[in-house]
Amino acid sequence: MSNHKINVTVNGEVEVVEVPANMTLLRMLREKLALTGTKNGCSAGECGACTVILNGEPVNSCMVLAVECDGASVMTIEGLSKDGQLHALQQAVIDQGAVQCGFCTPGVLMSAYALLQRNAKPTDEEIREALVGNLCRCTGYNRIVEAVKQAADQPETVAA
Amino acid sequence: MANKEAQREKIPNPIGVSVPRIDAREKVTGAAIYADDIQYGPGLLYARIKRSPHPHALIKSIDCSKAKALPGVKAVVTGDDFPGYIGLYLQDRYIFCRDRVRYVGDPVAGVAAISEEIAEQAVELINVEYEVLEPVLNPEFGAGPDAAIIHPKLGEYVVANFIFPEPGSNISNHFRIRKGDVEGAWKDCAAIVEKRYQIPHVQHVPIEPHIAVAKVDENGKVTLWGSSQSPFAQRNLIASALGKSQSDVEVIAPFVGGGFGSKAGVSMESLAVAIATRVKGRPVKLRLTREEEFYTAFVRQGLIAYFKMGCDKDGRLLAMENRFYWDGGAYTEYSVNITRAAGYSSSGPYDVPNVKADSYCVYTNHPVTGPMRGFGMPEMHSGLEQCIDDLAHEIGIDPVQFRLLNCVRTGDTIVTGMKMHPTGLSECIEKVAKAIQWGEKAPPSAPNKRRGKGIAIMWKAPAMPPNAGSSAWVEMNEDGTATVGVGGQELGQGTFTVMAQMAAGALGIPYEDVRVARPVDTDYSPYEWQTVASRLTWSMGNAVVNAAKDARRQILEMVAQSWDENPDDLDIVNGVVISYKSEEAVPLKNLVIYGLPKPNDQGWIGGPVVGRGKFMPTYVTGLDPQTGQGPRAVVHYTTGAEAVELEVDIETGKVEVIRGVAAFDVGKAINPDMVKAQVEGGFVQGLSTAFFESLILKDGVLQNPSFVDYRIATSADAPKDIQAIIVEVAQDDGPYGARGVGEHPLVPTIPAIGNAIYDAIGVRVGAPPFSAEKVYLAMVDAGIIA
Amino acid sequence: MINVHAGLPEFEYVKPGTMAEASRFLVDHVGEARLFTGGTDTFVRMRDGFWKEKYLVDVKHLQGMRTIRFDPEKGLTLGAAVNMNEVIASAEVNAHYPLLAEAAQTVASYQLRNRATIAGNICNASPAGDTLGACLVYNASLYVHGVDGLRDELLRTFFCGPGKTVLHVGDIVTELNFPIPPQGARGKYIKLGRNVISDLAIVGITVLGFPDADVPSGFRYRIALASVAPTPLVVEAAGGLLEEKAASAETIEAAAQLVMEACSPIDDVRGSARYRKLMVRNLTRRALTQVASDLAASGEAH
Ligand SMILES: Cc1cc2nc3c(=O)[nH]c(=O)nc-3n(C[C@H](O)[C@H](O)[C@H](O)COP(=O)(O)OP(=O)(O)OC[C@H]3O[C@@H](n4cnc5c(N)ncnc54)[C@H](O)[C@@H]3O)c2cc1C
Ligand code: FES
Ligand code: FES
């Protein structure tokens, strides 16, 4: 199996990475770049724990090959807070008690971030629909939905 | 006694305050470290497991020669390498199968290689010859004389003294209740209900699959990193299975991405350790795929339950006769105690004078069962609470009234003969009934909808050995902050936060000034039996409070000596030691490490402050094996009630829960908002098992081993309106009166929903999951729709 | 299934420079190479071990694969690599082919739809594919690049069985073409899954209705079903009935009955044949009622 050398911008940093063809974006982030905030819950596109933002849109990083990301820009949970300052969504998740074990949380935050980028004032239904691919076994979801609403009410959220 | 003291003492800040979680910031930034996130370095090897394709077979031969020859393979092990048995209450498992496989997925051989791909290829190259045997696929049949015997050596297994296997059969535990005169009571009953319920296997489905990384060094010292609810139990069981000293096994347990019981005891961790013994010095990582998780991680046992219950004409429960056949699967080392718990709680939270119960744990060739949130209670209550509804209808009493009439109250003699401690169950019932507007019927939202309400109540005790212990330390730091050491684990339930609150409260420092040492590491952390049974807030909480008080005592004595005062006149408030007498004050900063100088440079007093504390219940007694009677079966019961309002679409059978309310008596909510979060999450997990979840087993083979067909509730399935109500009737030996509530919220959800469906459509759907199909076809079969 | 790979098994990633090169490569590596667009079926099957290709051929970047084009005369052209969210967000799709967006919206999750494509849904040929019904009732055709040149394939005759299509080795679908839909058309897709949304279809009912002065009732209907036969099923008979007689509770019931009788579902873990048949009837009734009422409403509006 051959390796491919790719250029990929991750959280604003240009990275040059050697990846085997069968390496998913998820594995590249975790194993090549030690960005372990992105989680692996199924490797099958079902759980959403691996959700990252690829060229502005959320994807299941277990369903994307790393080689496909040559020239792309990726944002992970590690890129959400800036200089130790939490993003409004992160603060909202804390305020609403929307995190328990935390394993789904990075993926949830990526999906929610992308939602607020495309829809600054989502309805309850729109939030639930946007998060349907992020399984959470702990919280029962309602606090996550409330957290997204809280963040959406803050003007700086979308600008961030 | 702790209770008197607890009553006298006023509840300090921040007990009862909804402070934010101590681990929240790490978790929302992706900084929180889980076992798979640790960088194990370039020496890391990857393990994969050769597993049985058969539910029941004898191993004739295993040929590993090709696998061993594959470049990149570092070790191949089989059962012959590890002859020791392992198991929590009944040692019925080998680490790798030796003579026989008992379920599809049973580990037969293990490989360590330099990559996961090579390890997989090696597994493919291992050739195993089997002689296929007749599988046992039904626990009721399995308990009988005609079933093939799955564990011929059952009589030789090491077993806890409160578990009663029946060698020569597939029954690995038989728990009996004989209370009063059931036979004589039936004739006094004005109404009797008899029902059979079958509850399928479900799985915990933590979003983080099981993972273990093991390393064994040249001297035989074992280090195990894992996603673990039970670092100390793992240390203990792995050490004894491998013939090692407990002190030569170190278990390091970082954050757990959801456990729900599946990561309790020891399961796949022993595979990683066993393989690691053959590649000295190199860490070996075994991470279950989601599919392997479904096939081979613990599942909740299936249940076939027979209920018979009767009441007099006024609705007073007179008798119950219950028989439970638990589908324990291939190994029941842990679940024997689940079936015991269900036995000693078999009356449900009711005051019943005459009870006969038989709870059989039965081996089958199904997946291995183990503890899951609720520990037998959700399964048992699913049928029991629907029968109670039937009986209420039969005698013509409203189901809420019926429950208020019969529910267990403070001072009742419960099913095991134990006297019930103070409990707020009736208050829970009243509160949920009010919140759901019981008795009022709103019109359905559309012509094709039918609306209904249902209620169910529950009880559950921590199920554990009588002497499960906790310990803790509280260590002071230079800046006056404190670090709490515990061996219990943060699974998401919030235990680190609650421990920090208790330490802060007992010590007299702000919550923000407390840290909890982690990862839990058996070499450094104090002993904790396991993070299970909703016992940490109560048991570990007591240990932490004791440790904090010990630290506080050391500090006050030091300062008192320095100020030449009586420690009783001193207090620690907000991190400052003050004297009520002399009105002196000194911040904890520095003095808790360096001590205090004596006057005129005459030396020092005090020194680094480390408080220690422990807790172990000492009053739980054994039960008579024939009758299940004894003075104190358990430490306590947490009780509660849930009610739902829902709509059934009579064109599809789809059920939508419009709102749910839940009330639990937690004794004292240390962090009310986290209690509510726990209740909401448990309710939705319960709802998920009510509507979607079941392991579909065909001839012993799992038909839905992935999220494609094992569906769980999503954000769109969760009812928007879930209300959690806290009831607080103090627990006499709980820290600040607290008792646990981690598991309880999912216990009554299935029957509450089942009862509401019945209310809506007039049909009992019976066994969960209440899929749209099952509900629809039940309506067709009942002639309600065409 | 117990032997699913932990990650993706080993393969080579191939990114051809032209369509011709891609077709050639596929032909030169029969049985060893597979095309992918979103990969959401491909990666899953590779990891499961059902597919064992040595080469995965990426064609998303080739010309035209990512474009959405609408021509008021010819209709809609979707590049084969256009993902479902792009379809859902497209103003042209929403204006002229809303049923396509409606169906795509029911697939999996938002993040999966950023990868999943309609072309992949079609070429994967699962009878449960959610977008196939909408494509069928809009009379879609596929533009295929094969080793022998370019051709059109009508979707109606495209499916041969579960996972089987008329495509040959080396064929690459480059575009999906949708003719201008009938004037005044109204559509509905009803998907019944286990979860409220996001699940695969236990049954899926697609209905498109439109005015047609040439038939006695004044309206024609096209009905397609998911998950109730080895291929997506188009039921002509029911449409015929509603061409003859105006839509009423009775005629809709009769049509729904005909649709139910036309399907031949199987039992599987998602649902029994018995339940599926009954749901086909009930949900066809529901969809037809909705579409008939929308048609009536829009008729009044004009
Ligand atoms: C978690 C999850 C949930 C899902 N839920 C749904 C759902 O709700 N509804 C549903 O319908 N589907 C669902 N799917 C299946 C899948 O997402 C869809 O079928 C999707 O449309 C496939 O598109 P793709 O581009 O990803 O296909 P790919 O995997 O890229 O391709 C699929 C097949 O089509 C072939 N192919 C792809 N492009 C071309 C082309 N241009 N020419 C010729 N052949 C081609 C490939 O060789 C392969 O055989 C789900 C999948 C996952 C992983
Ligand atoms: S790990 Fe990617 S969706 Fe589960
Ligand atoms: S917080 Fe545990 S899975 Fe969501």
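Trainee: Which side chain of chain A meets Glu117(B) in a salt bridge?

Mentor: This is a predicted model, and what follows is computed from it. A salt bridge asks for a side-chain nitrogen of Lys or Arg within 4 Å of a carboxyl oxygen of Asp or Glu. For Glu117(B) the N to O distance is 3.7 Å, and the partner on the other chain is Arg27(A).

Trainee: How many salt bridges are there between chain A and chain B?

Mentor: The pair of Glu117(B) and Arg27(A) is a salt bridge between these chains, and there are also 26 residue pairs in polar contact, both residues of each pair being at pLDDT 80 or more. On the side of chain A that touches chain B, the residues divide into 19 nonpolar, 15 polar and ten charged. The count of salt bridges between chain A and chain B is ten.

Trainee: What is the area buried between chain A and chain B?

Mentor: The size of an interface is often given as the accessible area lost when the parts come together. Here 44 residues of chain A are in contact with 53 residues of chain B. Carbon and sulfur atoms give 53% of the buried area, which comes to about 3900 Å². In chain A, the residues that lose the most area to chain B, together 21% of what that side buries, are Gln100(A), Arg137(A) and Arg143(A).

Trainee: Between which chains does ligand 1 lie, and which residues come nearest?

Mentor: Ligand 1 lies between chains A and C.

Trainee: Which residue has a polar side-chain atom 2.7 Å from an oxygen atom of ligand 1?

Mentor: Several residues of chain C can be compared by what they place beside an oxygen atom of ligand 1. The polar side-chain atom at 2.7 Å belongs to Arg34(C).

Trainee: Which helix of chain C gives the most to the shell around ligand 1?

Mentor: The elements of chain C that each supply at least two residues of this shell are strand 2 (33-36), helix 2 (42-48), helix 7 (118-124) and strand 10 (172-178). With four residues, the one that gives the most is helix 7.

Trainee: Which residue of chain B forms a salt bridge with Arg194(C)?

Mentor: Between chain B and chain C the count is seven salt bridges, and 36 residues of chain B are in contact with 32 residues of chain C. In the salt bridge of Arg194(C), the closest N and O atoms are 3.0 Å apart, and the partner is Asp709(B).

Trainee: Which helix of chain B gives the most to the side that touches chain C?

Mentor: There are 23 residue pairs in polar contact across this interface, both at pLDDT 80 or more. The elements of chain B that give two or more residues to that side are strand 1 (45-51), helix 4 (116-125), helix 9 (290-296) and helix 19 (772-781). By class, that side has 14 nonpolar, seven polar and 15 charged residues. With six residues, the element that gives the most is helix 19.

Conventions
Residues are numbered from 1 along each chain as its sequence is written. Chains are lettered from A and ligands numbered from 1 in the order in which they are written. This is a predicted model: local features need pLDDT of at least 70, side-chain atom pairs count only at pLDDT 80 or more; totals for chains, interfaces and linings use all residues. Side-chain values use heavy atoms; hydrogens and water are left out. Contact means heavy atoms within 4.5 Å. Buried area is the accessible area (1.4 Å probe) that two parts lose on being put together, summed over both. A polar contact is a pair of N or O atoms within 3.5 Å; within protein, one must be able to donate a hydrogen and the other to accept it, and residues adjacent in sequence count only if both atoms are side-chain atoms. Ala, Val, Leu, Ile, Met, Phe, Trp, Tyr, Cys and Pro count as nonpolar, Asp, Glu, Lys and Arg as charged, and the others, Gly among them, as polar. A residue is near a molecule or strand if one of its heavy atoms lies within 4 Å of it.
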